[in-house]
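Subject: Structure handover

Hi,

Here is the structure I promised to pass on. My notes on its side-chain contacts follow below.

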Amino acid sequence: METMHVPDVQGQKRIPSSSPHQAPVLWPWMLVIVAWTVALVAALTNQNSLINHHYLLEESHLSRLLALVVFLACWQVMTVAMMLPSSMPMVSMLVHASRQQPHQRAVQAAFLAGYALVWTAFALGAFVGDIQIHWLVHHWFWLYTHSWAIGIATFAVAGVFQFTPLKTCCLNECRRPFRFFRHSYRKRVGGAWQLGLRYGVLCLGSCWALMLVMFGIGMGSLVSMAVLTGIMVVEKTFPGGQRLRPVIGIVLLGLSALWLAHPAWLLGGIGV
């Protein structure tokens, strides 16, 4: 069986996969299991409203700042549950490489922190944008009476994005994690941090529109979480998964059109 080599800073080949350093990487999957368990418990105990931006802004009576803190804290669980599964090939390579360095736990933590920072910045932007949308709804009577238009726009934007060159480029790079790792990997904590940031930006470029749909739906639906997670895993890791990209675009645009034709399809709309 062909062995996988992990390059060092100079591009030299490192210890092959038969080495003890290449033992199976299990703990990231444990993080995913814990995250999904937390999401399930939150749903069963009716605490999933803590990740619902509409509840936090309109019904929780929390200050904007405190609502943001609560949302971003819960968002970390969502990132692990939804984004980490499709990033496992990259995480595994980083873990294998870190085992050949001192302070391997710090190296691994730095990568995950950089990756999480990118998605946290996205969540921050989405939350701030949602505050502005709420302001518009309260000050623009037409939007107040047609709040379903926000949902239509969300699905339409996500659908159109599936056909853009940016989506294609980022998805193709995500589907070749070893190539990305080979060109971007650097040793030590600082290198892992930079790798996490760069790979996070790449994943953001590929998946931000799908996560925007999740944000709009309300983040509390386990079914929606599972479906979107499955889509991202298939797109990024399955052989031929890139063929799903236009299919998802057509589905999202179709849902947008259906919602336009029947505004009461999802009562209350999305994102308000």
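Please keep in mind that this is a predicted model.

Salt bridges first. A search of the whole structure finds two.

One joins Glu235 and Lys167, with an N to O distance of 2.9 Å. This pair links distant parts of the chain. Glu235 sits in helix 11 (residues 222-237) and Lys167 in helix 8 (residues 165-174), 68 residues apart. Glu235 has a relative accessible area of 0%, so this residue is buried. Lys167 is also at 0% and counts as buried.

The other is between Glu173 and Arg176. Their closest N and O atoms are 3.1 Å apart. Glu173 has 19% relative accessibility; the cut-off for buried is under 20%, so Glu173 counts as buried. Arg176, at 36%, is partly exposed.

Now the rings. The structure holds 12 aromatic pairs.

Take Trp75 and Phe122. Their ring centres are 6.0 Å apart and their planes meet at 45°, so the pair is tilted. Trp75 belongs to helix 3 (residues 64-82), Phe122 to helix 5 (residues 104-139). They are 47 residues apart, and the pair links distant parts of the chain. Both residues are buried.

Phe111 and Tyr115 make another pair. Here the centres are 6.5 Å apart and the planes are at 20°, so the rings are stacked. Both residues lie in helix 5; they are four residues apart, so about one helical turn separates them. Phe111 and Tyr115 are buried.

Finally, a cluster. Ring pairs link Phe71, Trp75, Trp119, Phe122 and Phe127.

Best wishes

How values were computed
Residues are numbered from 1 along each chain as its sequence is written. This is a predicted model: local features need pLDDT of at least 70, side-chain atom pairs count only at pLDDT 80 or more; totals for chains, interfaces and linings use all residues. Side-chain values use heavy atoms; hydrogens and water are left out. A salt bridge is a side-chain nitrogen of Lys or Arg within 4 Å of a carboxyl oxygen of Asp or Glu. Helices (H or I, at least four residues) and strands (E, at least two) are DSSP runs, numbered from the N terminus. Buried means under 20% relative accessible area, exposed over 50%, partly exposed in between (1.4 Å probe, protein chains only). Rings of Phe, Tyr and Trp (its six-membered ring) pair if their centres lie within 6.5 Å; planes under 30 degrees apart count as stacked, over 60 as edge-to-face and the rest as tilted.
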